[in-house]
Amino acid sequence: MPHQKRRSLRVRMITLVLIPSTALLVLWAALTALLVDDIRELRATATITEQIGTPLVETIGALQRERRATMDAARGTQSTAIHLKYARQQTNAATETLTESLRSFDGDDLPEQVLDFHGALDGLGSHRAGVDSILPSEITLEGNATAYTENIAPRLPVWDAQVERADPQQVPHLRSLTSLMRTRELLNQQDAVLAHAVATHTFPAQAHARFAAAAGAHHYTWDRVGAELSEEDGQEYIHLESYSALQRIHQLQESIISTPVRGTSTVPVNATAWQGAAEAVDARMSSVEQGQIDQVIAFSHTQSTELRTHVLLISVPTLVV
């Protein structure tokens, strides 16, 4: 066979092999890149949730307790002053833990709500100084409790920011986490209103309206928790829904809201009963919240491991072929 014909045949044979091989290689690269990207997203969700989620929730909880202690301080007693000092120390410790956790991440990888929340904590010192510069009797809901609320409330949807990068099976857990955090915050807002009312022996129309608004929103977000949980996790919601302390909270809410406001009359419920029930419910909700965080982390790790196995089972044989 002439040399020219042999060369032409060789070129055609190489072409016949090269085209499908190249196409297969491109397909392998695209599939592998897609799976690796999914693994990276799952790991990112797990890492952020594991290392940032718990410190963030604990910092928010510390701020809520400090807000209540600030309202309590309107009594002007030595014990309430000591309690406020302790609450501030707890907030400082939680903030320091959160700051250390954030240092291990690139800012671009963190949800915007987390960065905003952390930045807003810098103004906490000036707010405390303002509280310390006035008489205890001058501590007000509008001027002193609102500063904490405005810092906490806008950052509660931090879990919603993870939804876009999360596996669809994780979405109910993330959504319910946001609703749980909102529910706890609204309960703590009501608690702060009543703490100030008890400390000052007054319950004016403005405080009544603030309490009623928070109570109404609290019922709405609590219903959302139940709607967003999966059937399996919904059992925990059912147990909480029937929890005696939560039922007691609902009864006290109705009693307070339905009682007409006359001037600056005191709060129309037993303060000790409210505080005991509120603390018990908050603790139970916190436990459910942590359980949801743990599930998000466990699911992300499990899915990441399974995807890595699939990459090896699919990618390696395809590359060999």
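Guide: Happy to. Let's start with His208, which is buried, with a relative accessible area of 14%. Bear in mind that this is a predicted model.

Visitor: Why does 14% make His208 buried?

Guide: His208 counts as buried because its relative accessible area is 14%, and buried means under 20%.

Visitor: Which helix does His208 lie in?

Guide: His208 is part of helix 7.

Visitor: And what is His208 in contact with, leaving aside its neighbours within four places in sequence?

Guide: With those neighbours left out, His208 has contacts with Phe203, Ile256, Ile257, Thr259 and Val261. There is also a pairing by distance: the C-alpha atoms of His208 and Val267 are 8.7 Å apart in space, while the two residues are 59 apart in sequence.

Visitor: Tell me about helix 7 itself. How many residues does it have?

Guide: Helix 7 covers residues 205-228, which is 24 residues. From first C-alpha to last, helix 7 reaches 35 Å, close to the 34 Å expected at 1.5 Å a residue.

Visitor: Which residues in helix 7 are buried?

Guide: The buried ones are Ala207, His208, Phe211, Ala214, Ala215, His218, Thr221, Trp222, Val225 and Glu228.

Visitor: You mentioned Phe203. Where is that one?

Guide: Phe203 sits in the loop between helix 6 and helix 7. Phe203 counts as buried because its relative accessibility is 2%. Its C-alpha atom is separated by 8.8 Å from that of Val193, a residue 10 places away along the chain.

Visitor: What else is in the loop between helix 6 and helix 7?

Guide: His201 is found there.

Visitor: Is His201 buried or exposed?

Guide: His201 counts as exposed, because its relative accessibility is 57%.

Visitor: What about the phi of His201?

Guide: Phi of His201 is near 60°, a positive value in a residue other than glycine. As a general rule, most residues other than glycine have a negative phi.

Visitor: Let's zoom out. How many helices and strands does the protein have?

Guide: The protein has 10 helices and 0 strands. Along the sequence, the pattern reads α-α-α-α-α-α-α-α-α-α.

Visitor: How much of the protein is buried?

Guide: Of the 321 residues in the protein, 43% are buried. The protein exposes about 16,600 Å², with 57% of that supplied by carbon and sulfur atoms.

Visitor: And what about contacts between residues at least 6 apart in sequence?

Guide: Among those contacts, 80% join residues at least 24 apart.

Visitor: What is the volume of the largest pocket?

Guide: The largest pocket has a volume of about 360 Å³. It is lined by 17 residues, and those closest to its centre are Arg65, Arg68, Asn188, Glu279 and Asp282.

Visitor: Which helix gives the most to that lining?

Guide: Helix 1 gives the most, with 5 residues. Helix 1 (3-72), helix 2, helix 6 (171-200) and helix 10 (271-320) each supply at least two residues of the lining.

Visitor: And how does the lining split by class?

Guide: The lining has 4 nonpolar, 6 polar and 7 charged residues.

Visitor: One last stop: where is Pro154?

Guide: Pro154 is in the loop between helix 5 (141-152) and helix 6. Pro154 is partly exposed, with a relative accessible area of 45%. Leaving aside neighbours within four places in sequence, Pro154 is in contact with Gln113 and Thr149. Pro154 and Phe117 are 37 residues apart in sequence, and their C-alpha atoms are 8.3 Å apart in space.

Methods:
Residues are numbered from 1 along each chain as its sequence is written. This is a predicted model: local features need pLDDT of at least 70, side-chain atom pairs count only at pLDDT 80 or more; totals for chains, interfaces and linings use all residues. Side-chain values use heavy atoms; hydrogens and water are left out. Helices (H or I, at least four residues) and strands (E, at least two) are DSSP runs, numbered from the N terminus. Buried means under 20% relative accessible area, exposed over 50%, partly exposed in between (1.4 Å probe, protein chains only). Contact means heavy atoms within 4.5 Å. Accessible areas come from the Shrake-Rupley method with a 1.4 Å probe; for residues, only the protein chains shown count as cover. The expected span of a helix is 1.5 Å times one less than its number of residues. On a 1 Å grid over the protein atoms alone, a cavity is a set of points where a 1.4 Å probe fits but cannot get out, and a pocket is an open set with protein on both sides within 12 Å along at least five of seven lines; lining residues have an atom within 4 Å of a point. Grid points are joined across faces, edges and corners, and a volume is the space filled by probe spheres set on the points. Ala, Val, Leu, Ile, Met, Phe, Trp, Tyr, Cys and Pro count as nonpolar, Asp, Glu, Lys and Arg as charged, and the others, Gly among them, as polar.
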